[in-house]
Amino acid sequence: MTTNQGAEKAKVIEATNLVKNYGDRRAVDGISFTVHAGECFGLLGPNGAGKTTTFKMIYGSAQITSGELFVLGLNAKSHIQKIKSSIGVVPQENGLDPDFTALENLQIYANYFGIAEKAARDRAMELLSMMQLEDYAEKSIDTLSGGMKRRLTLARALISKPKLIFLDEPTTGLDPQARIWIWDELRSLQKQGTTLFLTTHYMEEAEELCDRLIIVNKGRTVAEGRPQELIESYVGREVVEFEIGPKEVEYFVSKIKDRFAYQVMRNRLKLFVRGQQTTRDAINEVSSQNVTMRKASLNDVFLKISGYELND
Amino acid sequence: MTNSFVKGFIADLFYFPKIGRGVHCIWQRNFLYFRQTIFTSITWIFVEPLLYLFALGYGLGRYVNQVEGLSYAEFIAPSMMATSGMFVAFFEGTYGTYTKLTRQNTYQTVILTPVSPDEVLIGEILWVTTKAFISVLSVAIVLTLMGLLPLAGIIPALGVLFLMCWVFASIGVWLASLAKSYEWFTYSQSGFIMPMSLFCGTYFPLSQLPKYLKYFSNILPLTHVMMSVRMFLHGEVTSMFLINIIYLIALGAIFTNLAAARFVRRLVF
């Protein structure tokens, strides 16, 4: 019994068969997953896959059509207000209040959590300097750059020192420096014991940050695991990419299809190197003017699973 | 279809929002913004009724001998308070709330915190009520200084006006939670609020209205406000005012519940 309870505690989020309908449209179609304390868990998928909707159900901004959901051991259907007092959320749209300055945004948000005025101000100043925004404390939101707004939104999510943080596409639309800066910040949060749950459609971001992830497409889970495991099981160690003429595709595919895992993307043929196979084996199979060899990445997994076609 | 609409409407009528300290947080947020813009807000609140007073009370009023034993300026003084409060409540409740609901995403952010959608809605209605009542008070001060308001009876009259602010705040916020665009408010403004400011015993006694219009006028909330406010300020106080007050409370409660049900569904769907 005691050990059992210990195991229960480690589960921060437990979702079983989550379904969300918007009128006739099914946005989330039976997603299940478990997030453990202290890990960084990723929810990946193309635009419109149901990531944001799943997220919104977890933090109470969307109603759950059906399924079971427990967050921090509480039933999300009946205890959502209590759940919200112990989590931090970075929504996709920053939702910063344009009527107020950066500092006031944090102070007002702190007030919603019932943090006393003095403590709220101290915490807000501390977070502003952590996010390198102290010079902008008294500036209005409209004067901040995209990266600054994102950092301020992250600061806002941290105001109540939550142990569980939701980040909906934390770095979408940011320049490379801003992105790396946010990644470092998230890593250090995780080191301090914070559980991170993020959505992204940047595979690089997921590979950098996530301990475990699920890939969703059209409202369903299509893959689940650690990034490295997924790469190895879906694609392999390495990828050899050939640029070939459209007429040759069929010929080469028929030649290799029994021996190699592959994917065709318009005039490119990707061979996935796995198990005992070597890159040299792959290269010798196809004749092409333009050959690229590289390590397999989550990007290959994603394209293989969700397909090459645009699907929004 | 119609049946389910009626059922939904009745369910909404009995949607009683659950509230706690979050209401105060929302009120504070709005007050903080108001404090920043207090100068423009208050100036406008003072200037607008003064314009009316000069144009109607002293301009048109010259041609009017007396209305119900009062000079015309005295007669329309209570209407200045009432219409000012009504307009502020309606504008803040509709345009203000709708902007925060749609364009600024203010509430979507608030509900990420322990403050519930119910509390957001009630906090918003309370704030709109407060702001409208501030305008009633400002106008009352000006009118008193000009000697147009008798001090006896002012307290119960202000009580009725506070109720009125709540009624129009809840109607405004209800409309905001239904609206698909800003156009909605233009229609309700010219079809409902403007006519009401003219035909509810504000600028001429109700007895001047044709019989059927008089019946119609009795449904309108502002008529009940004017009846009881005039009674407290200038008339003989009878228990009639109880009817006015009960009617206003009923309207306020109905529209608060309707607004809450709609607003919450719109925020979390």
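A cavity is a set of grid points where a 1.4 Å probe fits but cannot get out. The exercises below concern a predicted model.

**Exercise 1. Describe the largest cavity: its volume, its lining and the elements that supply the lining.**

Step 1. The search covers the whole structure and finds two cavities of 30 Å³ or more. The largest cavity holds about 100 Å³ of space.

Step 2. Its lining draws on both chains. From chain A come Gly95(A), Asp97(A), Asn105(A), Ile108(A), Tyr109(A), Tyr112(A) and Arg156(A). From chain B come Arg29(B), Thr106(B), Thr109(B) and Val110(B).

Step 3. Assign the lining to elements. α4 of chain A and α5 of chain B each supply at least two residues, and α4(A) gives the most, with four.

Step 4. Sort by class: four lining residues are nonpolar, four are polar and three are charged.

**Exercise 2. Describe the second largest cavity, including the classes of its lining residues.**

Step 1. The volume of the second largest cavity is about 50 Å³.

Step 2. Its lining consists of Phe46(B), Pro49(B), Leu50(B), Leu53(B), Met80(B), Val139(B), Val142(B) and Leu143(B).

Step 3. The largest share, four residues, is from α3(B).

Step 4. By class, the lining has eight nonpolar residues, no polar ones and no charged ones.

**Exercise 3. Characterise helix α2 of chain B and identify what its buried residues pack against.**

Step 1. The helix spans residues 22-36, which is 15 residues. From first to last C-alpha it reaches 22 Å, close to the 21 Å expected at 1.5 Å a residue.

Step 2. Buried here means under 20% relative accessible area. In α2(B) this holds for Gly22(B), Val23(B), Cys25(B), Ile26(B), Arg29(B), Asn30(B) and Phe34(B).

Step 3. Consider the geometry. An α-helix has 3.6 residues a turn, so residues three or four places apart point the same way. Among the buried residues of α2(B) are Cys25(B) and Arg29(B).

Step 4. Find the partners. Within chain B, the buried residues pack against α3 (38-59), α4 (72-101), α5 (106-110) and α6 (117-145). In chain A, the partner is α4 (102-112).

**Exercise 4. Work out the strand order of the four-stranded open sheet in chain A and state which strands stand at its edges.**

Step 1. The order is β2-β1-β4-β5, with antiparallel pairing.

Step 2. β2 (25-36) and β5 (74-75) stand at the edges; each has a single partner strand, so one side of each is left without a neighbour in the sheet.

Step 3. Look at the pairing of β1 (residues 11-22) with β4 (residues 66-71) in chain A, where five bridges join the two strands. In one of these, Thr16(A) has Glu68(A) of β4(A) as its bridge partner.

Step 4. Chain A has twelve helices and 14 strands, and 50% of its 312 residues count as buried.

**Exercise 5. Describe the largest pocket and its lining.**

Step 1. The space in the largest pocket is about 520 Å³.

Step 2. Its lining comprises 21 residues; nearest the centre lie Ile80(A), Gln81(A), Pro117(B), Val264(B) and Val268(B).

Step 3. At least two lining residues come from each of α3 (80-84) of chain A and α6 and α11 (240-267) of chain B.

Step 4. The classes are eleven nonpolar, four polar and six charged.

Technical notes
Residues are numbered from 1 along each chain as its sequence is written. Chains are lettered from A and ligands numbered from 1 in the order in which they are written. This is a predicted model: local features need pLDDT of at least 70, side-chain atom pairs count only at pLDDT 80 or more; totals for chains, interfaces and linings use all residues. Side-chain values use heavy atoms; hydrogens and water are left out. The expected span of a helix is 1.5 Å times one less than its number of residues. Buried means under 20% relative accessible area, exposed over 50%, partly exposed in between (1.4 Å probe, protein chains only). Contact means heavy atoms within 4.5 Å. On a 1 Å grid over the protein atoms alone, a cavity is a set of points where a 1.4 Å probe fits but cannot get out, and a pocket is an open set with protein on both sides within 12 Å along at least five of seven lines; lining residues have an atom within 4 Å of a point. Grid points are joined across faces, edges and corners, and a volume is the space filled by probe spheres set on the points. Ala, Val, Leu, Ile, Met, Phe, Trp, Tyr, Cys and Pro count as nonpolar, Asp, Glu, Lys and Arg as charged, and the others, Gly among them, as polar. Two strands pair if DSSP finds at least two bridges between them.
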